[in-house]
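This report looks at strand pairing and at charged side-chain contacts in one protein structure. Please have the sequence and the coordinates at hand while reading.

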Amino acid sequence: MFTGIIEAIGTIRAITPKGGDVRVLVETGKLDLGDVKLGDSIAVNGVCLTAVELPGNGFWADVSRETLARTAFDDLKPGSPVNLEKALTPSSRLGGHLVSGHVDGIGEVIAREDNARAVQFRIRAPRELARYIALKGSITVDGTSLTVNAVNGAEFELTIVPHTLAETIMVDYRPGRRVNLEVDLLARYLERLLLGDKAAEPAASGLTESFLAEHGYLKH
């Protein structure tokens, strides 16, 4: 588990094809690796990766086909900056919100504009994730825990303060950029609970409009 509070900006140093997937070397910059051991988890742009080698100034991790298919990892190349966060410990401060490091989908930055000293971003989420994104709710973008300031369909807005811009890779975001999205865990669990006994049925992966209408959650 993670908090969504970025600890350092790292750099992709190598991406090596390996048996159908890839192994990646991440240089970790100012991230303290003193308490990291083989097998520990580190979030890279919000993707939970396992350290399989620790050369001293970073770590190697394997990236599966599933991860490559479900995230924007394919957009990375040697030299790409990435957000880094070590896994949550019992003594960590929960400054953001609970983040699993399992990306739900890929969003796209569709607008950027200055807002005093902050920057306003509008991001389009995949249609199937729209129901989990709520005004003033939490969302994780490339591993960064953020608050949603406006929602319009599958699009949502974020206001990013100067500190967050300086400490994450968001300063480089421009329209057209693909980003990893993880929705709030509580929204996921609430959806499952609302299914009730239907959750045991094989096709019950989420709430459909017909289910919501049948149970009075949608008013026409």
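This is a predicted model: local features need pLDDT of at least 70, side-chain atom pairs count only at pLDDT 80 or more; totals for chains, interfaces and linings use all residues.

Seven strands make up an open sheet, and their order across it is S10-S9-S13-S7-S8-S12-S11, with antiparallel pairing. At its edges lie strand S10 (144-147) and strand S11 (150-152), each of which pairs on one side only. Averaged over the sheet and with direction ignored, neighbouring strands are turned by 35° against each other. One of the pairings can be followed at the level of residues: strand S9 (residues 138-141) and strand S13 (residues 178-183) run antiparallel and are joined over 3 bridges, and Thr140 stands opposite Glu182 in S13.

**Salt bridges**

Across the whole structure, 12 salt bridges are found.

| Salt bridge | Distance (N to O) |
|---|---|
| Glu27 and Arg13 | 3.2 Å |
| Arg23 and Glu53 | 3.1 Å |
| Asp62 and Arg23 | 2.7 Å |

Consider the pair of Glu27 and Arg13, whose side chains meet in a salt bridge. Because Glu27 lies in strand S2 (residues 21-27) and Arg13 in strand S1 (residues 8-18), this pair ties together parts that are 14 residues apart in sequence. Glu27 has a relative accessibility of 26% and therefore counts as partly exposed, and Arg13, at 42%, is likewise classed as partly exposed.

Which residues are linked with Arg23 in a network of salt bridges? The network consists of Arg23, Glu53 and Asp62. In the contact between the side chains of Arg23 and Glu53, Arg23 belongs to strand S2 and Glu53 to strand S4 (residues 47-53), so that the pair ties together parts lying 30 residues apart in sequence. The side chains of Asp62 and Arg23 also meet in a salt bridge, and this pair links distant parts of the chain, with Asp62 in strand S5 (residues 58-63) and Arg23 in strand S2, 39 residues apart.

Is Arg23 buried or exposed? With a relative accessible area of 17%, Arg23 is buried, because the cut-off for that class is under 20%.

Conventions: Residues are numbered from 1 along each chain as its sequence is written. Side-chain values use heavy atoms; hydrogens and water are left out. Two strands pair if DSSP finds at least two bridges between them. Helices (H or I, at least four residues) and strands (E, at least two) are DSSP runs, numbered from the N terminus. Axes are lines fitted to C-alpha atoms, for helices over the stretch in contact, and angles run from 0 to 180 degrees between N-to-C directions. A salt bridge is a side-chain nitrogen of Lys or Arg within 4 Å of a carboxyl oxygen of Asp or Glu. Buried means under 20% relative accessible area, exposed over 50%, partly exposed in between (1.4 Å probe, protein chains only).
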